[in-house]
Protein chains: 2
Amino acid sequence: MTSTIDYDPYETLCHDCRLVESCLPYGLAKNELKQFATMVKSKPPILSDQYLYRQDDEGRSLYVVKTGSFRGFISSTDGAEQTIGFYLPGELMGFDAFQHGRFTSSSIALETSKVCELPLSQLNELCRLIPSLQTQMLRVLGKEIESDHNQILLLGHRSAKEKMAIFLLKLSHRYNALGFSKTEFNLTMKRQDIANFLGITNETVSRLLTELHQQGIIAINRRNIKINNMNALKVLVEDCY
Amino acid sequence: MTSTIDYDPYETLCHDCRLVESCLPYGLAKNELKQFATMVKSKPPILSDQYLYRQDDEGRSLYVVKTGSFRGFISSTDGAEQTIGFYLPGELMGFDAFQHGRFTSSSIALETSKVCELPLSQLNELCRLIPSLQTQMLRVLGKEIESDHNQILLLGHRSAKEKMAIFLLKLSHRYNALGFSKTEFNLTMKRQDIANFLGITNETVSRLLTELHQQGIIAINRRNIKINNMNALKVLVEDCY
DNA sequence: CGTTGCTTTGATTGGTGTCAACTTATGTGG
DNA sequence: CCACATAAGTTGACACCAATCAAAGCAACG
């Protein structure tokens, strides 16, 4: 499967990166950005289904998605999983290692993906030197927390249909923010992943997508989805966003 | 109703505070702690049902619970609420204002409570001066994120009974960490609050508590709860923790 | 004491999960 | 290139957990 997100085939430094506006160093002065860039470690691409990091691994870095997408999840001791989020380009992963230096979740690539690695030791040091980076750091942490809160809101008080609609709208919004179509995109995750993320079963996901398709609100073929009636989706949610 | 948590009737500085080991400045050297303490603003006690802060308010401070307890929640545009957490002494509130300088959740006192206020501007400055404070800051942020992830796990994949058991076990654990009994304590929140937090209805909460009572696993009278059989509760959860 | 808000209990309904069968896509080896 | 195995996705029948609606019990408080 080819990725819908593959606009950066060559290695670039931060100041050339088209993600810079949504990434951590947003708002830094030119010389600061240059300094920031020296810290960034590049890694070989992560293939589909490969782990970026595993729960309980030592966590010494943050990671930013450069291309591709990831799925973050927690495993219970019995092997049951809960997907806590999907990560698209420009989004950060690995905050959960801040507490004890070990990841409390795992991250796995949904397709061939590239990341920028930010070693925490250097990031901390740089935050002291560059106040606006410190501010920006707290800002993305706040964003992460707010995003988690929204997920709690979604899981706690929404019907399966509302959850599905919210999921699609949010994905649309995020793709749009990255400069892609907000009405047509490829789902990089399996039905099962969506189901797990929303706290429902894959059968229910399948049924709901079929239903939305039959109502003409979306058109879906395998992983390709087209939103025909954005408003109808919003009506389903009514007031969540 | 009298609080179960009322061991600090007099104003104290950080170095005298019995919460210091679980609070933000944990691990700071004596002189650093002194410096930290000068930043702490004391506030008049918050009475029951009073807001500490409201969603969309400007957020320029973090707050630490000194005595009492709070309920944090998000409101949708239609007025529906989702409780995102309960806060006991030593726990921090207000991280969600990091993103845009405004709270994305509200916090309300469940009983007469006291908080320490930490102005963000000074906290940021101090983090630059005291590296171990910076580390500690990231640690509590990591803890907050992990806690949110656990809540997502709970809401996504647990039956009502499991949710209830997890809620009680977690509360027991937190009270114990504060030096209180882990088998007997008062619930400072209403059934409705618990229900909302767990994503179920208050009727279900009531039924489950009654059921656990009849099975002899707990003894509950209004807000007072006694856990008679901790193991039985853990068996209900099996593998979550 | 009467009002009020919180809690409990009961009867009924419906949304999702569960189980199972089938279809479709992908990949492998002969 | 085909036969086969495997995984992903769809669809249907049925069961059950928890929501909903309704009403009564119970503590707090003026």
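The residues of the surface near DNA strand D divide into 2 nonpolar, 6 polar and 9 charged. In this count Ala, Val, Leu, Ile, Met, Phe, Trp, Tyr, Cys and Pro are nonpolar, Asp, Glu, Lys and Arg are charged, and the others, Gly among them, are polar. The model is a predicted one, in which local features need pLDDT of at least 70 and side-chain atom pairs count only at pLDDT 80 or more, whereas totals for chains, interfaces and linings use all residues. Residues are numbered from 1 along each chain as its sequence is written, chains are lettered from A and ligands numbered from 1 in the order in which they are written, and side-chain values use heavy atoms, with hydrogens and water left out.

The side chain of T204(B) has an N or O atom 2.4 Å from a phosphate oxygen of DNA strand D, and for the side chain of R223(A) the distance to a phosphate oxygen is 2.9 Å. A160(B) uses its backbone instead, with an N or O atom 2.7 Å from a phosphate oxygen of DNA strand D. The elements that give two or more residues to this surface are α6 of chain A together with α6 of chain B, and the largest share, 4 residues, comes from α6(A). Helices (H or I, at least four residues) and strands (E, at least two) are DSSP runs, numbered from the N terminus.

Attention now turns to the other DNA strand. Around DNA strand C there are 17 residues, of which A160(A), T204(A), R191(B), S206(B) and T210(B) come nearest. By class, the surface near DNA strand C has 2 nonpolar, 6 polar and 9 charged residues. Of the atoms of DNA strand C within 4 Å of the protein, 67% are in sugar or phosphate and the rest in bases. Bases of DNA strand C are reached by side chains from both protein chains: R207(A) places an N or O atom 2.9 Å from a base oxygen, R207(B) places one 2.9 Å from a base nitrogen, and E203(A) places one 3.1 Å from a base nitrogen. Helix α6 (202-214) of chain A and α6 (202-214) of chain B each supply at least two residues of this surface, and α6(B) gives the most, with 4 residues.

How do the two protein chains meet? A rotation of 180° with 0.0 Å of shift along its axis superposes chain B on chain A, with an RMSD of 0.0 Å (by least squares on the C-alpha atoms of residues with pLDDT of at least 70 in both). That is the relation of a two-fold axis. The contact (heavy atoms within 4.5 Å) takes 37 residues from each of chain B and chain A. Because 100% of the interface residues of chain B are also interface residues in chain A, the copies meet through the same surface.

Chain B and chain A bury about 4,000 Å² between them, 62% of it on carbon and sulfur atoms; buried area is the accessible area (1.4 Å probe) that two parts lose on being put together, summed over both. Q99(B), R128(B) and I152(B) supply 17% of the area that chain B buries against chain A, more than any other three residues. Between the chains, 9 residue pairs are in polar contact, both residues at pLDDT 80 or more. On the side of chain B that touches chain A, the elements giving two or more residues are β5 (81-87), α2 (120-129) and α3 (131-157) of chain B, and α3(B) gives the most, with 18 residues.

Notes: Near = heavy atom within 4 Å. Polar contact = N/O pair within 3.5 Å; in protein donor to acceptor, adjacent residues only side chain to side chain.
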